[in-house]
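Let's take a friendly walk through this fold, from the overall layout down to single residue pairs. Keep the viewer open and turn the model as you read.

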Amino acid sequence: LPVDHLFVASEYERARFLDIGMPAETVETTGCIFRYKELKLIDPDEKEKLRRELGLSPNKLTATLSLAFLAASNETLDVRRQLLEIVSKGLPDAYELLIKPHPAEQDKNFSKFVARYAPKAKIAPPMMAIDKILDVTSVLFNRGNSQVNIDALQRYIPVIPVPVGRKTFFH
């Protein structure tokens, strides 16, 4: 069957489709959007404890920017710079920015990079579960192609895609 565009869950699947002859321009990694979980409300005391652990202000809302894995084919340093600048400069005073690195983040200069482009931002530990981050999130920013967006929407957290040159499933 002819295919105009094929959306796959990961780079692994993309590579397999390319191996069987699919044209590269028709296969795009968008992430798996079908991970549904039972929602559990966090206890208010636990939420405040988590906010303190992350260094968040008690009197501000939390805007979370979740980042993808740093890779030349996906999220580059220039893309990250643009994301940090756009979100941090446009954030209302009532919000505090929390950066959630990808769990595989290995960049030793990550904190310095964030401080340069979003100096007031707090940084969550890369290995902290996204569910915990969403427990303290008031609004989520993301490039738009991530399971995290679906997880946030399931919790009724507003999602603002900042695609930075990338088509998303919100287009």
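**From layout to detail**

Starting at the N terminus, the elements of the protein follow the order β-α-β-α-β-α-β-α-β-α-β-α-β. That makes 6 helices and 7 strands, where helices (H or I, at least four residues) and strands (E, at least two) are DSSP runs numbered from the N terminus. This is a predicted model, in which local features need pLDDT of at least 70 and side-chain atom pairs count only at pLDDT 80 or more, while totals for chains, interfaces and linings use all residues. Residues are numbered from 1 along each chain as its sequence is written, and side-chain values use heavy atoms, with hydrogens and water left out.

First, the overall dimensions. The C-alpha atoms of the protein fill a box of roughly 55 × 40 × 25 Å along the principal axes. A compact globule of 171 residues would have a radius of gyration near 16 Å, and the protein has 17 Å, which agrees; this radius is taken over C-alpha atoms, and the globule rule is 2.2 Å times the number of residues to the power 0.38. The accessible surface is about 10,200 Å², with 58% of that belonging to carbon and sulfur atoms, as computed by the Shrake-Rupley method with a 1.4 Å probe. Of the 171 residues, 39% are buried, meaning under 20% relative accessible area, whereas exposed means over 50% and partly exposed lies in between (1.4 Å probe, protein chains only). Among contacts (heavy atoms within 4.5 Å) between residues at least 6 apart in sequence, 56% join residues at least 24 apart.

Now look at the sheet. In what order do the strands of the open sheet lie? The 5 strands are arranged S5-S4-S3-S6-S7, with parallel pairing. Strand S5 (122-123) and strand S7 (159-161) stand at the edges with a single partner strand each, so one side of each has no neighbour in the sheet. Two strands count as paired if DSSP finds at least two bridges between them.

S3 is joined to S4 by 6 bridges and to S6 by 3 bridges. Leu-65 stands opposite Ile-99 in S4 and has Phe-141 as its bridge partner in S6. Thr-64, in turn, is paired with Leu-98 in S4.

S4 (residues 95-100) and S5 pair in the parallel sense over 2 bridges. S4 is also mostly covered, with 5 of its 6 residues buried.

Finally, find Thr-137 in the loop between helix H5 (130-135) and S6. Its relative accessibility is 9%, so Thr-137 counts as buried. Leaving aside neighbours within four places in sequence, Thr-137 is in contact with Thr-62, Thr-64 and Ile-157.
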